[in-house]
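Work through the exercises below with the model open beside you. Try each task before you read its solution.

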Amino acid sequence: MSLVIDSITKRFGDVLALDAVSLEIKPGEVFGFLGANGAGKTTAMRVVLDILRPDSGTVTWGGRSNRDLPHETWGYLPEERGLYAKMKVLDQLVFFAKLHGVKPKAAERETRDWLDRFRIPEYADRRAEQLSKGNQQKIQFIAAILHDPQVLLMDEPFTGLDPINVALLKEAFLEMKDRGKTLIFSTHQMETVEELCEAIAILDRGRVVVGGNLRDVRRSSGRQVVRLAVEGDPEIGWLATLDGVRVTRRGQDYTEAEVAKGFDPEMVLQAALARHCKILHFEIADPSLEEIFIEQVGQMDTSERTLAPKAVYA
Amino acid sequence: MSGWRNLFPNAWYVAVREYRSRATSRSFLIGTLILAVVAFAATQLPVLIDVAEGTSQTRVEILATASGLPSDALTVVDQVLNGSGTAADSSSHKPYALSWFVGGDPASAQSTLETGKFDALLIIDRDPTSRDLAFILRTDMPSDGRQAQMITSATRMLAIEDGLVRAGTSTASVLAPTNLKVLPVSSSGTAAVHSISQEVSSTLLSTGLIVLIFMAIITYGTWVAMSVAEEKGSRVMELMLNATTPLQMLAGKVIGNGAAGLTQYGIILGAIVVGLVAQGPIHQAVLSGSGTSGAFGGLNAPVLAAFVVLFALGFLLYSLLYAALGSMVSRQEDVQSATSPLMMLIMIGYFMSIFGLQAIDETWVRIASFIPFFSPYLMLARVSVGHVEVWEFGLAVVFLLVAIAIALVVAARIYSAGVLLYGQRVGFRQILKAARVSR
């Protein structure tokens, strides 16, 4: 019953939006699409939804092609928030649910339920244009789930929301997961992915550069990270002089360093003890997703990811 | 195309939503109200004109001092001033109130005039030498005004009548119609004699009907395009695409907006019909006189049926194209320019039919009346003014239906490709490319 994306290729004119993308997403999983703007996340979702037809490749859910599956299988929260501006919230939610085959009475009951859950029951009779961005996003979320879809696809669901609304939506997500739904969402916020996702795929210019279980992805890089803080020496200048150690971040709380493959992170601790430092903090950590992302996506072509040098005028 | 199956009920839901949001919008309500009021007012124009004319009655004091006036002198003057049929229709409004005095003192008549009881004093005397009538008109009304000229005409008629009576005859016998029969060319006797007034009124009618179709297609077709562009602009489109198929959306939009348009049209036409029917009673109430008859000349069942059929099919054909073009822009502001090619096509058909009305039997009119984009106008023109065989009409309808089927397929393709393309206006080439790969 997994969602299998099998070597999907989609070209728009000269742009290769998806280049033989293959993924498997297990049922009940929370899956994150990571990638810079234009990496192909939205296109991939539209292909899964059968809104766009790929040039080649197939998408199946539980063995059935997405072309044969009813629309009701999917719940979709598009990146661009779109509601009928002049229509009342309740009316349009019932309208969307009806299009998915839900009976109007049931749709209204569900809608009022969810508005209550989001603590905005009084918005049922307001026009969409009167709502704040955060509240519109809640309405869109309700629109995506009213017909009880098996798979929920959400494109940048947290972008532009304040922390309170982000927390509310995350809670709603997790509730959908508890109901056994498969959740797929795209983002470029690494912390959110680390917090919510069990599996990820990093897309770069239409290709999957890393994919799979989040822990495996982290370990797969083979990189080891050491965080160290000692009393009276916030800079820890000697750290960079050790063989196989590269300081990646100097912070107030601790200094972070990367230990090359083949070296034991423990040697950093031993070096500190040998120098009679008073150790406040020592930690061996997996590399953060952000580091992996920069490693994977940044490696491919760094020139495009930095500003061109300033022009010098005589 | 997966959308061909299960067109309903989703197309119906979309149509209902479109209809509701359109018909409850402020612009629709205000627009309909204004148009209905204007249309109703327009039908009351004849009454208004009569009222404007009727409230001013010119009072004329006539003093006949001449001897041997023709016995029907008063009738002659009355007929010239107040029009014919005055005797039979005593209730109708008379623009001139005539007070007729035979014999009497010009001086006292003069003093009555000066009190302001009358607008004019006409003294009819006889020249003692030539025995012809001699008139004096005392008035402060402008000498070249309508009233003075009417009175002048009346005196001329009276002088002629007087001269004829003295010569032993009368105007009535001199002007009696000749014994003339008018028959059609064919001797079979079944053909009706054409009259110019009949022809003029059916030309006017068909021009009116053509304008009705023309206005409806442009106005309500633009509504369809606008509503597509609006949905794209507000990005509801993406949500809709997961819930429906492009074909369901397309059909729903055309039906919903078309129905809203027809509702507005119906209300306006209703106002006109009510206005025409009410013309008589209103005329009677305001002026206590019988009204002008309604302008229904030339409207008969076949013309009306042809109008309804051609209206519906023409509207359907053009709306589909409007929807397709509307899907090619991202903002409502661009709808006008995107739909201009279609506007040109509609204008061409419109002008062809207006010119065609004057040359209804020309070959080019006949040929064009079968071409789907023009047949709504030209076939209607031919039905109402010229002569059309039933099979000709049927053929035009079949062509229209085929064109609609083709337009549906093409529009659905352009639509499903266009709705996802954002950015600047999308060119036809891009659309064709996208249409090939989209579902």
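**Exercise 1. Chain A as a whole**

Among contacts in chain A between residues at least 6 apart in sequence, what percentage join residues at least 24 apart? Then describe the chain's make-up and extent.

Step 1. Remember that this is a predicted model. The share asked for is 69%.

Step 2. Count the elements. Chain A has 9 helices and 14 strands.

Step 3. Take the extent. Along the principal axes, the C-alpha atoms of chain A fill a box of roughly 75 × 55 × 45 Å.

Step 4. Check burial. Of the 314 residues in chain A, 38% are buried.

**Exercise 2. A sheet and its helix**

Find the order of the strands in the open sheet of 4 strands in chain A. Then place helix H1 of chain A against it.

Step 1. Read off the order. It is E2-E1-E4-E5, and the pairing is antiparallel.

Step 2. Look for the edges. Strand E2 (15–25) and strand E5 (64–65) of chain A each pair on one side only, so they are the edge strands.

Step 3. Zoom in on one pair. Strand E1 (residues 3–12) of chain A and E2(A) run antiparallel and are joined by 7 bridges. Val4(A) has Glu24(A) in E2(A) as its bridge partner.

Step 4. H1 (residues 41–48) of chain A lies across E1, E2 and strand E4 (56–61) of that chain. Its angle to E2(A) is about 60°.

**Exercise 3. One side of a helix**

Which residues of helix H4 (residues 73–82) of chain B are buried? Why do they lie on the same side of H4(B)?

Step 1. List them: Ala73(B), Val76(B), Val77(B) and Leu81(B).

Step 2. Check the directions. These residues lie on the same side of H4(B) because they cover an arc of only 120° around the axis.

Step 3. See what covers them. The cover includes strand E1 (58–64), strand E2 (96–102) and helix H6 (146–166) of chain B.

Step 4. Go past the helix end. Gly83(B) follows H4(B), and its phi is positive, near 80°.

**Exercise 4. Cores and the chain contact**

How many residues does the largest nonpolar core have? Then examine where chain A meets chain B.

Step 1. Size the core. It has 146 residues, and Leu153(A) and Leu380(B) are among those with the most contacts inside it. Helix H11 (residues 301–326) of chain B gives the largest share, 14 residues.

Step 2. Find the second core. This separate one has 21 residues, including Tyr96(B) and Leu158(B).

Step 3. Count across the chains. 25 residues of chain A are in contact with 19 residues of chain B. On the chain A side, the largest share, 4 residues, comes from H2(A).

Step 4. Sort that side by type. It has 14 nonpolar, 3 polar and 8 charged residues.

Note on methods: Residues numbered from 1 in each chain as written. Chains lettered and ligands numbered in written order. Predicted model: local features only at pLDDT ≥ 70, side-chain atom pairs only at ≥ 80, totals over all residues. Contact = placed C-beta atoms within 7 Å. Helix = DSSP H or I, 4+ residues; strand = E, 2+ residues; numbered from the N terminus. Nonpolar A, V, L, I, M, F, W, Y, C, P; charged D, E, K, R; others polar. Buried ≥ 20, exposed ≤ 12 C-beta atoms within 10 Å, placed from the backbone. Arc of directions from axis to C-beta. Core = buried A, V, L, I, M, F, W, Y, C linked by C-beta atoms within 7 Å. Pairing = 2+ DSSP bridges. Axes fitted to C-alpha atoms, helices over the stretch in contact; angles between N-to-C directions.
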